[in-house]
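Hi,

Here is the structure I promised to pass on. Have a look first, and my notes follow just below.

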Amino acid sequence: FCCISDPDLVSWTALLSAFFEQCQPEKALQLYIVLPQDELATNHQTFLIALQACGSLAEAEEATMIDGQLSKPRALSIGRGIHMDTLALGLGSSLFVGNTLISMYGKCGDLALANEVFRQLPEQNAGSWNALIGGYAIQNGREKEVFDIFEHMQKQRVEADEDVYVTILQVCCKIKDAERASYFHANIIGSGYECDLVVGNALI
């Protein structure tokens, strides 16, 4: 990278991705800060990687209890800054950016902002619902809301994917609810995901 005389946004994004994939979210976010801001709107991938790095930073950060919720204030502050950048560049309606924002806010412990982003999306897909479910699944004592969200998703006729089912099964395991696990197992069979390796492992 240092040998490139005039790196463009694709080059910067590739380096950002390399830091993230090598489990170095701090370096990825430090790099994001110096990216040419006027070119960012042309590459959604840059924001996706930066937000994922922020989520990874949140997972490593020691949680602080704020208003009854486990929160990661440092990662949250950085993530909100990146969110503001996406809005300034007109990416607020992007489904991929929105889903990644929901996931990031969930990992940071700010479920209010996760819900706000979710509601403001022009449409929600299974990834949107799973990101929201994942945020509640992290928190202790919010398991009922996980199941409520899943039920609401079904009412909206959004088909759950393997990621949704894995998260749901992890919550069932967390609270040792075998009855609910059996119910979701039946759903999984009906959806054809029983032979999926990751779902199968979660069922075991």
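Ring pairs join Phe147, Phe150, Tyr165, Tyr183, Phe184 and Tyr193 into a cluster. Please keep in mind while reading that this is a predicted model.

Searching the whole structure turns up seven aromatic pairs. One of them is formed by Tyr165 and Tyr193, whose ring centres lie 6.1 Å apart with 55° between the planes, a tilted arrangement. This pair connects distant parts of the chain: Tyr165 sits in helix 9, while Tyr193 belongs to the loop between helix 10 (178–191) and helix 11 (197–203), 28 residues apart. Are these two tyrosines buried or exposed? Tyr165 has a relative accessibility of 3%, so it counts as buried. Tyr193 comes out at 19%, and because buried means under 20%, Tyr193 is buried as well.

At its start, a side-chain oxygen of Asp161 comes to within 3.1 Å of the backbone nitrogen of Asp163. Just after the helix, Lys176 adopts a positive phi of about 55°.

Which residues of helix 9 are buried? They are Val164, Tyr165, Val166, Thr167, Ile168, Leu169, Val171 and Cys172. The cover over these buried residues includes helix 7 (126–138), helix 8, helix 10 and helix 11.

With a relative accessibility of 3%, Cys172 counts as buried. Leaving aside residues up to four places away in sequence, Cys172 touches Phe147, Asp177, Arg180, Ala181 and Phe184. Two of those partners, Phe147 and Phe184, are also members of the ring cluster. The C-alpha atom of Cys172 is 9.9 Å from that of Ala137, although the two residues are 35 apart along the chain.

Finally, a word on Asp148, which lies in helix 8 (residues 143–155). Its relative accessible area is 33%, so Asp148 is partly exposed. Between the C-alpha atoms of Asp148 and Gly135 there are 13 Å, with 13 residues separating them along the chain.

If you open the model, I would start with Tyr165 and Tyr193, the tilted pair, and then move on to Cys172 and its contacts.

Best wishes

How values were computed: Residues are numbered from 1 along each chain as its sequence is written. This is a predicted model: local features need pLDDT of at least 70, side-chain atom pairs count only at pLDDT 80 or more; totals for chains, interfaces and linings use all residues. Side-chain values use heavy atoms; hydrogens and water are left out. Buried means under 20% relative accessible area, exposed over 50%, partly exposed in between (1.4 Å probe, protein chains only). Contact means heavy atoms within 4.5 Å. Helices (H or I, at least four residues) and strands (E, at least two) are DSSP runs, numbered from the N terminus. Rings of Phe, Tyr and Trp (its six-membered ring) pair if their centres lie within 6.5 Å; planes under 30 degrees apart count as stacked, over 60 as edge-to-face and the rest as tilted. A polar contact is a pair of N or O atoms within 3.5 Å; within protein, one must be able to donate a hydrogen and the other to accept it, and residues adjacent in sequence count only if both atoms are side-chain atoms.
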